[in-house]
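This report describes a structure and its ligand site.

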Amino acid sequence: MKTEWLRREVTQFAPYVVAPVHETHVINANENYANVLDIPEVRAAAEEILAGFRPQVYPDPMANGLRTALADYLDVQPEQLLAGNGGDEMISYTLHTFLNEGDTILVHAPTFDMYEVGASLIGAKVEHLPDLPGFRRDQEGILRTIREKQPKMTFLCNPNNPTGELLPASFIEECLKAADNLVFVDEAYMEFAGAESVVPLIDRYPNLIVLRTLSKAFGLAGLRCGYIAADKDIITEVAKVKNPYNLNSLTQALAAAVVRCRDKILPTRDGIVAERERLYEALKQIPGVTVWPSRTNFLLMQVDESLSDTLFDAWKQADILVKRYQGRALLPGAFRLTVTTAEVDDAALCVLKGVMARA
Ligand SMILES: *Cc1c(COP(=O)(O)O)cnc(C)c1O
């Protein structure tokens, strides 16, 4: 293949890399360890959906059944929602709806990579605002940059991946007031935060887009379903950009059923939150380990960079795959551990203690 055939942005593109999985215990992607199909109500709904499934027919382009279920969950109008193949697809569609080549987006750093990945494919520029020490977002810096530079889109991940830090809704509202342009708030982990979502603000701020996903607290990472909530004019424009049949009919039906069964599913997050706090305390006790408080289903921890390889390999030897941040100036010696069962968390702890004791 001739490289001249490629679009300029693709030639220089640094894709998001998904680590190959060979391990039994996978705690690198913040998946839910529970299978929703083990819940009798969900299994019954899934069997009913499969019994009536007609794969020869195209799905509903706007996924109206799913939008209705999600609208009921979030207490918004279905017209204020748009669903797609995971939050990642909705990030991409939103960028393609609003960004021109040469526009600038603002992101705090470190954060989720997909905003930058998508923006760079369009040829947009990315301004990074590093966190303050202790991975606290530089709230003043964010507000100042919005006021002075009016970036085309500002991305706020809340709570933040990978740091776990939560921004107060009041700060986000200040950003919305300061911005003449769009503010995109990624609430992929909001169900774990026990905090105020900014979804209700879509009624008052036409420049707000909120991203949610069913991949984390709802345990549907493999089914692929994420959605945005925003003013209906925003939804209308993003809907023009999306592929007509972007969300397959099985996902639409099963996701809607799972959202309707949420009273059976969401209580499991209380267990995950309790386990997160137990794991946090245990990590804090290990000499040489720095762990950061989290409002999500994962914990970010750091060790001396010289131990990074040894530790990562020791976990692999123990059949555990964690997320490792390699070559990131803002994340030296950093690992992100998804909170799972006490058994798996204890196995990960045991490996870590062994490596740190020998260091
Ligand atoms: C997981 C995640 C998403 C969306 O993931 P999908 O599986 O594509 O829905 C979005 N933002 C953040 C910060 C995430 O961690």
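## Ligand surroundings

Around the ligand are 14 residues, of which Gly87, Asp186, Tyr189, Thr213 and Lys216 come nearest; a residue counts as near a molecule if one of its heavy atoms lies within 4 Å of it. The model is predicted, so to speak of local features requires pLDDT of at least 70, side-chain atom pairs count only at pLDDT 80 or more, and totals for chains, interfaces and linings use all residues. Residues are numbered from 1 along each chain as its sequence is written, and side-chain values use heavy atoms, with hydrogens and water left out.

A polar backbone atom of glycine 87 is 2.6 Å from a ligand oxygen. In the side chain of arginine 224, an N or O atom is 2.7 Å from an oxygen atom of the ligand. For asparagine 161, the corresponding distance from a side-chain N or O atom to a ligand oxygen is 2.9 Å.

## Backbone geometry

Asparagine 161 is also joined to proline 162 by a cis peptide bond, with omega about 20°. Another cis peptide bond joins asparagine 158 and proline 159, where omega is about -5°. Proline 159 lies in the loop between strand S5 (153-157) and H7, and proline 162 lies in the loop between S5 and H7. Helices (H or I, at least four residues) and strands (E, at least two) are DSSP runs, numbered from the N terminus.

Asparagine 30 has a positive phi of about 60°, although it is not a glycine. Its place is the loop between strand S1 (25-27) and helix H2 (40-51). Most residues other than glycine have a negative phi, and most peptide bonds are trans.

## H6 with H7

Helix H6 (residues 139-149) and helix H7 (residues 169-178) have axes that come within 9 Å and cross at roughly 15°. Axes are lines fitted to C-alpha atoms, for helices over the stretch in contact, and angles run from 0 to 180 degrees between N-to-C directions. H6 and H7 are therefore roughly parallel, the class for angles under 35 degrees. Their crossing is right-handed, meaning that the near helix is turned clockwise from the far one by less than a right angle.

On the H6 side, Gln139, Ile142, Leu143, Ile146 and Arg147 meet Phe171, Glu174, Cys175 and Ala178 of H7, where contact means heavy atoms within 4.5 Å. By class, this contact of H6 with H7 has six nonpolar, one polar and two charged residues. Ala, Val, Leu, Ile, Met, Phe, Trp, Tyr, Cys and Pro count as nonpolar, Asp, Glu, Lys and Arg as charged, and the others, Gly among them, as polar.

## H3 with H10

Helix H3 (residues 64-74) packs on helix H10 (residues 249-260) at about 20°, their axes 8 Å apart. That angle makes H3 roughly parallel to H10. The crossing of H3 and H10 is left-handed. Gly65, Leu66, Ala69, Leu70 and Tyr73 of H3 make the contact with Gln252, Ala255, Ala256, Val259 and Arg260 of H10.

## H4 with H9

The angle between helix H4 (residues 86-98) and helix H9 (residues 232-241) is about 100°, and the axes are 9 Å apart. H4 and H9 are therefore roughly perpendicular, the class for 65 to 115 degrees.

Technical notes: Parallel < 35°, antiparallel > 145°, perpendicular 65-115°, else oblique. Polar contact = N/O pair within 3.5 Å; in protein donor to acceptor, adjacent residues only side chain to side chain.
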